[in-house]
Amino acid sequence: MLNRIRDVRKARGLTLADVAAACDPPTTPQTIGRLETGMRTVSIDWLERIAAAMAVPASSLVTLPDRADVPVAALIGSNGADAPERPRTLLPPQPQPDLIGMVVETAQGDYRSGDELWAQRLAPEQFGRAINRDVLAPRPAGRFAFGRLIAVDGSRIQLLPTTPGARQQVLAEVPWLAMVTMLVRRP
């Protein structure tokens, strides 16, 4: 079993301090760093705490023999593409209980027909995490609104639709949002 805490943390765009603060109970960035590098033994309890802090399944923090990882061939930066200095892998997408899927049937904004969107379901107290992100919001009678979340004001949210020229939407009493976290574009 190989520890993949650092790879997952970086893939989610989190710092050591972010993960340490999100642990329950909170810990120090140094402790997370020691667990990542193997300087401290990672117990099942630590795996579960760190996984919860990063909102991923604990199994994604270790390399398992029955799961194929995606090797990173290049890092794309300001100077072009370079080989990584050390071997790295990407997490293959894994379904989680709080994920919602969407399929784009008609191109709009940055999305093309056939794109698959994976979104994380958020409770009202988490809506602030989705500011300036694309979200799906439920509406009455089984309908939905989709667009960029531009403001949260109490129980009201403001969405900017992805289609050019569309008017801003204001929705009240939204029970949940689904924040787009991954785009899968097939060739």
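**Pro57, helix 4 and a sheet**

Student: Where does Pro57 sit?
Tutor: Pro57 is in the loop that runs between helix 4 (44-54) and strand 2 (62-63). Helices (H or I, at least four residues) and strands (E, at least two) are DSSP runs, numbered from the N terminus. This is a predicted model, where local features need pLDDT of at least 70 and side-chain atom pairs count only at 80 or more, while totals for chains, interfaces and linings use all residues. Residues are numbered from 1 along each chain as its sequence is written, and side-chain values use heavy atoms, leaving out hydrogens and water.

Student: Why does Pro57 count as partly exposed?
Tutor: Because its relative accessibility is 27%; buried is under 20%, exposed over 50%, partly exposed in between (1.4 Å probe, protein chains only).

Student: What follows helix 4?
Tutor: Ala55, with a positive phi near 55°.

Student: And which residues of helix 4 are buried?
Tutor: Trp46, Leu47, Arg49, Ile50, Ala51, Ala53 and Met54. They pack against helix 1 (5-11), helix 2 (16-22), helix 3 (29-37) and strand 2, with contact meaning heavy atoms within 4.5 Å.

Student: Switching to the open sheet, what's the order of its seven strands?
Tutor: 7-8-13-9-10-11-12, with antiparallel pairing; a pair needs at least two DSSP bridges. Strand 7 (99-103) and strand 12 (169-172) are the edges, each pairing on one side only.

Student: How many bridges link strand 11 and strand 12?
Tutor: Four, in the antiparallel sense, with strand 11 covering residues 156-161. Arg156 stands opposite Ala172 of strand 12.
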